[in-house]
Amino acid sequence: MQMLLRHEREDRFGRRVITFSCCRMPPSHELNHRRLLEYLKHTLDQYVESDYTIVYFHYGLNSRNKPSLGWLQSTYKEFDRRYKKNLKALYVVHPTNFIKVLWTIFKPLISHKFGRKVIYFNYLSELREHLKYGQLIVPPEVLRYDEKLRNLHGGQVPAPAKTPPPRPPLPTQQFGVSLQYLKDKNQGELIPPVLRFTVTYLREKGLRTEGLFRRSASVHTIREIQRLYDQGKPVNFDDYGDVHIPAVILKTFLRELPQPLLTFTAYEQILGITSVESSLRVTRCHQILQSLPEHNYAVLRYLMGFLHEVSRESIFNKMNSSNLACVFGLNLIWPSQGASSLSALVPMNLFTELLIEYYEMVFSTQEARGGLGAGAVEAGERSGPVSRGRTPRRPGLAPRASAAPDGARETPLVLEASR
């Protein structure tokens, strides 16, 4: 079922994207539909607390693999309000008469509010204005079918326009440029200005905000703030009256780095964290971080120190280390080619959770790296207290899941590799 459902990066509004490909559905007599439903729910459970989008590729559904109407009806009822509330869009690509008939049958059961989230696209090209289309992994069968449709209804597919050469970044640009570029343009400062400004603001005014980092914001507002930062103009978050806006800006900054903060090189090492004995995982995290470039390490330490602070206020903000990891995992690491698979989410989130929960231990010997200088150490220290009355555990002890507040979904730290 891994290829049936995929997790992609994020859409143009900063929402997680899940794709469902009917062409990967096996024949009905080979498919345990109850297990399929459990798989769908298990996957969506990782995202329903935040805004998300589903892209449904209808091509490939036929008489051999089409589920019964009874199963579809019972499945719709299984997905309660928790799943529907934060689903912001359901894009149906290549709809057929079957979809229209199905909609007529289910219309009495579907609320008007949910119905407005369903959007039909006849061609893949229509997705471009809503999604970062280049990051979508579209099944080859769907691509061929789309080309066939365009040939039938509009002649040959026009050749793609030549992409103009990228313009050099502005001297004041903050988004979409490397950490080294930001350091060179900011008098050698290791911590990028956007990261420092957003962390400082959120530490002062957002630590106890419920759902911090889980809420989305107006894409127009986010682009406006990005433009101000890139032009070197001041940004006052008080003017926007929403503490979730700087939280989204922080995630956007990380997501638009040319290379992930944890680097492409560390990707495979991080995916191997679930195969490490649970009592050694914190030590393994520490080892992996020692191979990071010094600049990346300093920025990561600064960020994780702040997220550690956020997690310590989880009784108020409902964002423990597990919940924060679900939000930040994909913003810290991704593969050099394509998007992360669903199976990669467990180790990526586990690794991030360990960095947040065991911050003091993972980053305990930053001075031993050498060459960071007092400025970087000071930056890490400013990221948050390292004790606050808490007794640090010795490296090597098995990680323990922190108690989740009421209403917060808890993911055990000691995860089975097969999860």
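Which residues in α1 meet which residues in α2?

1. On the α1 side, His33, Arg34, Leu36, Leu37 and Lys41 meet Trp71, Thr75 and Glu78 of α2, where contact means heavy atoms within 4.5 Å. By class, this contact has three nonpolar, two polar and three charged residues. Here Ala, Val, Leu, Ile, Met, Phe, Trp, Tyr, Cys and Pro count as nonpolar, Asp, Glu, Lys and Arg as charged, and the others, Gly among them, as polar.

2. A word on the source before going further: this is a predicted model, with local features needing pLDDT of at least 70, side-chain atom pairs counted only at pLDDT 80 or more, and totals for chains, interfaces and linings using all residues. Residues are numbered from 1 along each chain as its sequence is written, and side-chain values use heavy atoms, with hydrogens and water left out.

3. Back to that helix pair: α1 spans residues 33–44 and α2 residues 69–78, and they pack at an angle of about 30 degrees with their axes 11 Å apart. The axes are lines fitted to C-alpha atoms over the stretch in contact, and angles run from 0 to 180 degrees between N-to-C directions. The two helices are therefore roughly parallel, a label for angles under 35 degrees. Their crossing is right-handed, meaning that the near helix is turned clockwise from the far one by less than a right angle.

4. Next, please look at strand β4, residues 87–93, where six of the seven residues are buried (under 20% relative accessible area, 1.4 Å probe, protein chains only). β4 pairs with β3, residues 52–57, in the parallel sense over six bridges; pairing requires at least two DSSP bridges between the strands. Within this pairing, Thr53 has Ala89 in β4 as its bridge partner. β4 also runs parallel to β5, residues 118–121, joined by four bridges, and there Tyr91 is partnered with Ile119 of β5.

5. Thr265 sits in the loop between α10 (244–255) and α11 (267–271). Thr265 counts as exposed because its relative accessibility is 65%, and the cut-off for exposed is over 50%.

6. Finally, the overall picture: the chain has 18 helices and five strands, taken as DSSP runs (H or I, at least four residues, for helices; E, at least two, for strands). Of its 419 residues, 53% count as buried.

Methods
Angles under 35 degrees count as roughly parallel, over 145 as roughly antiparallel, 65 to 115 as roughly perpendicular and the rest as oblique.
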